[in-house]
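Trainee: Could we go through this structure together? I would like to begin with how terms are used and then turn to the chain.

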Amino acid sequence: MLLADLARTSREVAATSSRTEKTAALARLFRAAEPADAPLVITHLAGRLPQRRTGPGWRSLTERPEPADAPRLTVREVDTALTAIAGVSGKGATAERHRHWTALLEQATDAEQDFLVRLVGGELRQGALDALAVEGLAAATDTDPAELRRAVMLGGSLGTVASAVLAGGAGALAEFRLEVGRPIQPMLARSAGGVAEALDRLGPCAVEEKLDGIRIQLHRDGGRVRLWTRTLEEITDRLPEVVAAGHDLAVERAVLDGEVIAPGPDGRPRPFQEVSGRVATRAAGAENTLPVRAVFFDLLSVDDRELLDRPTAERHAELARLLPAEHRVRRLVVTDPADPEQRRAAEEFTEQVIEHGHEGVLLKSLDAGYSAGRRGAARVKVKPVHTLDLVVLAAEWGSGRRTGFLSNLHLGARRPDGGFAMLGKTFKGMTDETLAWQTERLRELALPPDETDPGNDYTVPVRPELVVEIAFDGVQRSSRYPEGVTLRFARLIRYREDKRPADADTVADVLALLR
């Protein structure tokens with residue numbers, strides 16, 4: 001597929017607010033796409049790069065050579081070129097990346113250059129979200145959108161499913177089912193302001209510990225155990241003690257959903273940053289420095305029986321049969337949320353969980369299935385303070401003792417169109433180490449200076465790639481920000497490099513807290 005076709009569709013999608021017209025434009029593109037092109041087409045339309053970071057600096061993005069007269073670049077040629085740029089390192093890397101980038105732009109028309117600069121610069125926000133892409137793909141291949149969405153959940157990638165269905169039609173969807181050894185997107189939860197609110201939403205439910213660790217998915221297939229994170233990164237070789245625990249399971253084949261934590265000497269969990277650092281390291285013997293253990297809360301498959309569509313109560317019964325209590329999260333079942341005694345018990349259980357050092361509770365409807373990859377209404381999380389996972393949109397240079405550091409963060413929540421709405425700023429909650437780290441990281445993500453405001457040299461806009469967990473005291477109305485709301489007393493808790501921008505909380509989540 002020519003890059004020109006992709007750039008034209010991007011402009012068409014950006015030019016209309018009609019969901020029907022957006023879907024039709026995407027359907028036309030998919031009908032013209034080769035199956036092998038589909039993963040790249042979908043990734044680029046969503047404003048993402050398979051390479052994640054390529055490296056061209058501000059000058060490379062702002063200085064364009066003369067464009068080509070006619071389109072000839074293909075999406076695969078572009079991907080090859082960007083991979084080569086991302087792989088440049090060592091002495092003279094900046095100049096070499098600039099040379100490769102210029103050579104790529106010289107082959108692109110003016111419209112294609114614009115698309116490439118916005119794509120690499122992180123400014124491609126034309127609203128081609130995965131949900132719209134699913135609808136467009138369904139229309140192009142005459143498949144049931146619901147069946148297509150399920151295949152994406154189980155296949156782990158819309159691009160993978162798109163390749164298969166473009167090549168084999170609707171019948172190819174049967175290939176995508178839960179398989180031991182192939183991770184799926186985890187089920188997520190919505191937020192509530194308190195246990196009472198969550199109980200009123202869910203009805204009969206289980207109230208479980210919400211652990212402050214690293215989400216994992218464990219797959220046991222005979223003598224082999226493998227581990228993945230919530231972003232589907234394999235980490236099997238980093239957690240030998242968890243792998244060993246997987247071998248102890250009294251079952252040959254199973255898929256479990258859980259969390260890795262690091263209990264301290266007093267039994268209380270160590271901070272998330274320590275667990276994250278341990279999971280990130282590949283050093284031999286790390287398990288002796290900071291041992292971790294896995295605690296599980298769901299069972300997705302056992303002995304080749306898929307349990308995704310079975311109710312929570314049934315899945316937990318199977319999990320309890322498989323694992324002893326010390327390897328499962330503590331929970332309390334509320335059969336009648338209207339019963340004052342049961343409501344009081346749920347509140348007391350929550351207080352105990354927080355006193356033990358965990359971050360809150362997760363309430364799960366007893367009759368709900370497992371909605372892989374979705375933030376469904378059947379799961380609600382409750383934390384002792386309001387927190388949101390937001391995306392850093394820009395940062396301001398500090399003054400006084402923070403001179404030389406990027407300090408004041410501009411915070412954004414996800415919009416329905418794939419962009420981000422700024423909710424406010426914060427410079428609170430940052431240690432000296434955090435300031436040093438974020439300054440270096442944000443400079444790597446910096447966008448070209450705003451030519452419409454050349455005097456504003458104290459604000460550095462960045463590509464919206466870093467997710468940060470923010471605590472705040474409430475949401476209030478404000479005419480200063482695009483959605484009419486801002487956060488009260490926002491402060492930084494931690495950066496969440498285990499999460500992607502697509503995992504950040506939405507504007508709708510924020511507005512719900514306002515109500």
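Predicted model: local features only at pLDDT ≥ 70, side-chain atom pairs only at ≥ 80, totals over all residues.

Trainee: Which residues of α17 are buried?

Mentor: The buried residues of α17 are Thr434, Leu435, Gln438, Thr439, Arg441 and Leu442.

Trainee: And what covers the buried residues of α17?

Mentor: The cover includes three strands: β11 (386-397), β12 (406-414) and β18 (491-495).

Trainee: How many residues does α17 have, and what does it reach from its first C-alpha to its last?

Mentor: Helix α17 runs over residues 432-444, which gives 13 residues. Its end-to-end C-alpha distance is 19 Å, close to the 18 Å expected at 1.5 Å a residue.

Trainee: Let us step back to the whole chain. How many helices and strands are there?

Mentor: The chain has 18 helices and 18 strands. Its radius of gyration is 24 Å, close to the 24 Å from the globule rule for 515 residues, so the chain is as compact as a globular protein of that length. The C-alpha trace spans about 70 × 65 × 50 Å along its principal axes.

Trainee: What share of the residues counts as buried?

Mentor: Of the 515 residues, 52% are buried. Among contacts with a separation of 6 or more, 71% join residues 24 or more positions apart.

Trainee: What about the surface and the charges?

Mentor: The accessible surface comes to about 23200 Å², and carbon and sulfur atoms account for 49% of that area. There are 70 positive and 77 negative side chains, with the centres of the two sets 1 Å apart.

Trainee: Is Ile42 buried or exposed?

Mentor: Ile42 has a relative accessible area of 5%, and the cut-off is under 20%, so Ile42 is buried. Beyond residues up to four places away in sequence, Ile42 touches Phe30, Asp130, Leu158, Gly159 and Ala162.

Trainee: Where is Thr109, and which residues does it contact?

Mentor: Thr109 lies in the loop between α6 (93-106) and α7 (110-120). Leaving aside neighbours within four places in sequence, Thr109 is in contact with Pro67, Ala68, Asp69, Ala70 and Pro71.

Trainee: Why does Thr109 count as buried?

Mentor: Thr109 counts as buried because its relative accessible area is 11%, which falls under the 20% cut-off.

Definitions and conventions. Residues numbered from 1 in each chain as written. Heavy atoms only, no water. Helix = DSSP H or I, 4+ residues; strand = E, 2+ residues; numbered from the N terminus. Rg over C-alpha atoms; globule rule 2.2 N^0.38 Å. Buried < 20%, exposed > 50% of the residue type's maximum accessible area, 1.4 Å probe, protein only. Contact = heavy atoms within 4.5 Å. Areas by Shrake-Rupley, 256 points an atom, 1.4 Å probe, with all protein chains shown as cover. Lys, Arg positive; Asp, Glu negative; His and termini not counted. Charge placed at Lys NZ, Arg CZ, Asp CG, Glu CD. Expected span 1.5 Å × (residues − 1).
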